[in-house]
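Work through the exercises below with the sequence and the coordinates at hand. Each task is followed by a solution in steps.

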Number of protein chains: 2
Amino acid sequence: VRRCEIIAVGSELLTPSRLDTNSLFITERLNEIGIDVRAKMVVGDDLADLSDAIRHALDRVDLLVMTGGLGPTDDDLTRQAVAAVTGLPLDEDPNIVAGIEQRFHARGLDMPAINRRQALVPRGGVVVENPRGTAPGIWLEHEGTVLVLLPGPPRELKPMLEALMRERLTPLTAGAGLYRRVLKVTGRTESHVEEAAQPVYSQWLLRPNPIGTTILAGPGQIELHLSVRMDSSREAARVLDEAVAELRVALGPYLFSSDGESMEQIVGRLLARQGLTIAVAESCTGGLIASRLTDVPGSSAYFQLGVVAYSNRAKTDLLGVPAEVIDSNGAVSEPVARAMAEGARQRGAADIGIGVTGIAGPSGGTESKPVGTVAIAVLGPGREVVRTSWFPGGREQVKLFASQAVLDTVRRLLLERVPSPDGLMD
Amino acid sequence: VRRCEIIAVGSELLTPSRLDTNSLFITERLNEIGIDVRAKMVVGDDLADLSDAIRHALDRVDLLVMTGGLGPTDDDLTRQAVAAVTGLPLDEDPNIVAGIEQRFHARGLDMPAINRRQALVPRGGVVVENPRGTAPGIWLEHEGTVLVLLPGPPRELKPMLEALMRERLTPLTAGAGLYRRVLKVTGRTESHVEEAAQPVYSQWLLRPNPIGTTILAGPGQIELHLSVRMDSSREAARVLDEAVAELRVALGPYLFSSDGESMEQIVGRLLARQGLTIAVAESCTGGLIASRLTDVPGSSAYFQLGVVAYSNRAKTDLLGVPAEVIDSNGAVSEPVARAMAEGARQRGAADIGIGVTGIAGPSGGTESKPVGTVAIAVLGPGREVVRTSWFPGGREQVKLFASQAVLDTVRRLLLERVPSPDGLMD
């Protein structure tokens, strides 16, 4: 199996507001085992269009991955279209019916009759279990081509694809795999990252196994995607590790992640390893920092307390910020951020206290403190950082940028305390 | 011209880090003049794959828009593929050559010889000027189908498409536009929504101007996308308003948004209109409810306080939850949720208090309280709701589902208090 096409099914993916993003994840995994994605298609919930797209793909590739259209409703037509094109009848699988019924019963509900449609399998197809939803996937080998049908929701699709990779796809491939590494940088613009990284990665293109580099600007961070094609995964890992080490020198402490981990995962790991706890007092970020920290499994071990204090009264009553500090400096000021951090640390009995106060907009800005002005305080054991930054964009972006800056400050403080090889700052 | 396909050309669009986003903009503009996008395709820089995709599209649609592959280099193959499929020869257009030479001269450079390729036009094609780059576009009518070739960079493509819209595409269409409405439902599964809505929307398909309906399951909500093709936007608005009213009857209070607004926007609007304030005490949702509420501009008018209390100590110290209530019921229980809500309301001096405590996972579940168990309390003026729910999925999904359930409970409480026509419950 070398040539693949991906078909995403769903009329919503043909509207001006939706993109098929599943194909990115699928492409990444298939590339790793040397399968080339030759084309991607998006088709609506229309039996004729869908059948036509399947027929066309079957002529050209030896692996066809389809996502979506496996739901229980009238407009879910993937199963029917595959049956129509291949000429295979659809059989109801009693095990699938039982499994779906069980899912509904677990939530105290009866299975609606229409869900029976999800138990239809083209004859000869193998059922791929869906641990996170009612729509099972289907693996079907037909006249030399493999068809893989997967549900559209990414959280259902991903574990199913992983299982298929292990059990069925990898054994069918032979060639060199494409291996990737995702690096993340914060606190620098895309142009700065490009200026620093280009002299490094341009050299990689001259090698026998060139490493490709793509720079992508995301919200609050710049990503560098490295990829290399090699026969062995161990050799690829070694080559990519060396490449990451070169970029670490070029990018310095702005590089915070070298294997796709998020900022909150990295901060969480550093806190857990150092046995420290944290408490957060937020004004303009409105709970986003607490929510990001608590997205990480196991965060209850180090997350002690979060307080979202918009009003001056809440800052005074709940965090013990002296009213005169607010009066003489304004609510958006470094002394107030510091007092908030101190209050969070004390009330949460935590090792590290965070205070953030700013103007997320769209209103509330002044000439001296425009929208996007944010004062940040991080009080750690033995060291504290208090500063004022300005972030561009609308309300949600200011919240995101400010939360990223705060978490990065915590990361750096923890690294300075106990230099750590995989916190990426040496 | 009614049926369109879009082909995006470029091998970089088949990697795990790039998406074709031009098609969103093209779809939006074409929909406005009543042209349906039936399929979208991404093909790499390969003459055989590209020719094959064009041939397949020409069989099925009467407008084919292609983006990319018009540059001067060897891997820019769109012109060649169109010539190969249509059998039309490529002629060099001396005006294009002169124009490209001029662009280079203006920058003090000579035109590289390879740029001559950009002057090739399939015989019969009309040149579309590119004010922002060297690659001109091409408009070609061939055997009843219109082919439009545009360059890939969005800043070049957009003004060229606008010019084509005015001068060529709009005159070819009957003028009926496609109008949309996005409805959102929470607290029901996709199958339940389908069962309730299907008898309603299936009738719409029989009308002279049928309304199309797509049902989409999202995290914590089900969306219904309605679309109708009409000559006048005012008439479309009237028809869609009536359709929404019918669905309101069928879906009842589970329908919370009829024009794309988010749950937090709707709750915020109801709070502001009723002059009420809110305070939130969160355990398992970890600040997500506070963060969602404060995503809304102007939320400082009603958002008083948020407390994220993971530990029992924080619940007792900061929210005044009696230790004996935790001891006798467990931290995940309705009495604790209620005491947390009461504490948030008192300390925030708010009209409405929210308390949420649960097990977001992956660890911490027990047989009687598995991962996903969440106790919710909403104490409002004159009314209170306390209940226990179970939500499926991983940590982030449990957080999201629980936050949605809490905000929906607030919405319903506010609507029962002062029935409001645009809160959608009558």
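The exercises below concern a predicted model.

**Exercise 1. The fold of chain A**

Task: State how many helices and strands chain A has, and describe its extent, burial and contacts.

Solution. 
- Step 1. Chain A contains 13 helices and 17 strands.
- Step 2. Along the principal axes, the C-alpha atoms of chain A fill a box of roughly 80 × 60 × 40 Å.
- Step 3. Chain A has 426 residues, of which 56% count as buried.
- Step 4. Take the contacts in chain A between residues at least 6 apart in sequence: 67% of them join residues at least 24 apart.

**Exercise 2. Packing of H8 and H13 in chain A**

Task: Describe how helix H8 of chain A packs with helix H13 of chain A, and classify the residues of the contact.

Solution. 
- Step 1. Two packed helices are described by the angle between their axes and the distance between the axes.
- Step 2. For H8 (residues 263–274) and H13 (residues 395–417) of chain A, the angle is about 35° and the axes are 10 Å apart.
- Step 3. The crossing of H8(A) and H13(A) is left-handed.
- Step 4. On the H8(A) side the contact is made by Met263(A), Glu264(A), Ile266(A), Val267(A), Leu270(A), Leu271(A) and Gln274(A). H13(A) contributes Gln404(A), Leu407(A), Asp408(A), Val410(A), Arg411(A), Leu414(A), Leu415(A) and Arg417(A).
- Step 5. By class, these residues are nine nonpolar, two polar and four charged.

**Exercise 3. The H8 and H13 pair in chain B**

Solution. 
- Step 1. H8(B) passes H13(B) in a left-handed crossing.
- Step 2. Among the residues that meet are Met263(B) and Leu270(B) in H8(B), and Leu407(B) and Leu414(B) in H13(B).

**Exercise 4. Aromatic pairs**

Task: How many aromatic pairs does the whole structure hold, and why does the pair of Tyr310(A) and Phe303(B) join two chains?

Solution. 
- Step 1. The search over all chains finds four aromatic pairs.
- Step 2. One of them is Tyr310(A) with Phe303(B), edge-to-face, at 5.6 Å centre to centre and 70° between the planes.
- Step 3. Tyr310(A) lies in the loop between strand S14 and helix H10 of chain A, and Phe303(B) lies in strand S14 of chain B, so the pair joins two chains.
- Step 4. Tyr310(A) counts as buried at 13% relative accessibility, and Phe303(B) counts as buried at 0%.
- Step 5. Phe391(B) and Phe401(B) also form an edge-to-face pair, with 6.2 Å centre to centre and 70° between the planes.
- Step 6. Phe391(B) is in the loop between strand S17 and helix H13 of chain B and Phe401(B) is in helix H13 of chain B, so this pair ties together parts ten residues apart in sequence.
- Step 7. Phe391(B) and Phe401(B) are buried.

**Exercise 5. Backbone exceptions**

Solution. 
- Step 1. Most residues other than glycine have a negative phi, and most peptide bonds are trans.
- Step 2. Pro362(A) lies in the loop between strands S15 and S16 of chain A.
- Step 3. Pro362(B) lies in the loop between strands S15 and S16 of chain B.
- Step 4. Glu143(A) sits in the loop between strands S7 and S8 of chain A, and counts as exposed at 71% relative accessibility.
- Step 5. Ala349(A) is in the loop between helix H12 and S15 of chain A, and counts as partly exposed at 43% relative accessibility.

Key
Residues numbered from 1 in each chain as written. Chains lettered and ligands numbered in written order. Predicted model: local features only at pLDDT ≥ 70, side-chain atom pairs only at ≥ 80, totals over all residues. Heavy atoms only, no water. Axes fitted to C-alpha atoms, helices over the stretch in contact; angles between N-to-C directions. Helix = DSSP H or I, 4+ residues; strand = E, 2+ residues; numbered from the N terminus. Left-handed = near helix turned anticlockwise from the far one by under 90°. Contact = heavy atoms within 4.5 Å. Nonpolar A, V, L, I, M, F, W, Y, C, P; charged D, E, K, R; others polar. Phe/Tyr/Trp six-rings, centres within 6.5 Å; stacked < 30°, edge-to-face > 60°. Buried < 20%, exposed > 50% of the residue type's maximum accessible area, 1.4 Å probe, protein only.
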